[in-house]
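Work through these exercises with the model open. Try each task before you read its solution.

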Amino acid sequence: MNKLRLMIIGVLLAAGMSCSSENEDDIQPDPSGDRCEDVSSTLSGDVQSIMTSNCATSGCHVSGTGRVDFTDKQNIIQYASTINSYVQSGFMPPSGSGQSLTAGEKDDIFCWVSAGAQDN
């Protein structure tokens, strides 16, 4: 009988400790966090020029290469999430390309995508 009582008390304590008054929004940080607080990136003012200078270059993301053509802004919008993932991970631009992005350029892409990757 004592074992049963201890088990019930243990289960109740475990259940009580796993619950809290905080909601999930308080626990999980905003993925853009402070990173986008002072950044208001736009496609036409920031991202498109980054793509033109670093991605839509000869032999890379231009027409005729078999890759997505980033001279077309609709393709940039359509692939915004993938672009962001590749840029943030350092996968793109590739190390042997001679291209690189600054932290500010990565932030511009990240914040533009986080804000909805609008045609702006």
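This is a predicted model, with a mean pLDDT of 83 for the protein chain.

**Exercise 1.** Find which cysteines form a disulfide, and work out its handedness.

Solution. 
1. Apply the cut-off: the two sulfur atoms must lie within 2.5 Å.
2. The sulfur atoms of cysteine 36 and cysteine 111 are 2.1 Å apart, so this pair passes.
3. The count comes to 1 disulfide.
4. Next, check the torsion about the S-S bond. It is about -95° for cysteine 36 and cysteine 111, so the disulfide is left-handed.
5. Cysteine 36 sits in the loop between helix H2 (24–27) and helix H3 (43–54), while cysteine 111 belongs to helix H6 (residues 103–114). The pair therefore ties together parts 75 residues apart in sequence.

**Exercise 2.** Describe the largest pocket: its space, its lining and the helix that gives the most.

Solution. 
1. The largest pocket holds about 150 Å³ of space.
2. Its lining includes Met51, Cys55, Phe70 and Tyr86.
3. Sort the lining residues: 9 are nonpolar, 2 are polar and none is charged.
4. Helix H5 (residues 80–89) gives the most, with 4 residues.

Notes: Residues numbered from 1 in each chain as written. Predicted model: local features only at pLDDT ≥ 70, side-chain atom pairs only at ≥ 80, totals over all residues. Heavy atoms only, no water. pLDDT = per-residue confidence, 0-100. 1 Å grid on protein atoms, 1.4 Å probe; cavity = no way out; pocket = protein on both sides within 12 Å on 5 of 7 lines; lining within 4 Å. Points joined across faces, edges and corners; volume = space filled by probe spheres on them. Helix = DSSP H or I, 4+ residues; strand = E, 2+ residues; numbered from the N terminus. Nonpolar A, V, L, I, M, F, W, Y, C, P; charged D, E, K, R; others polar.
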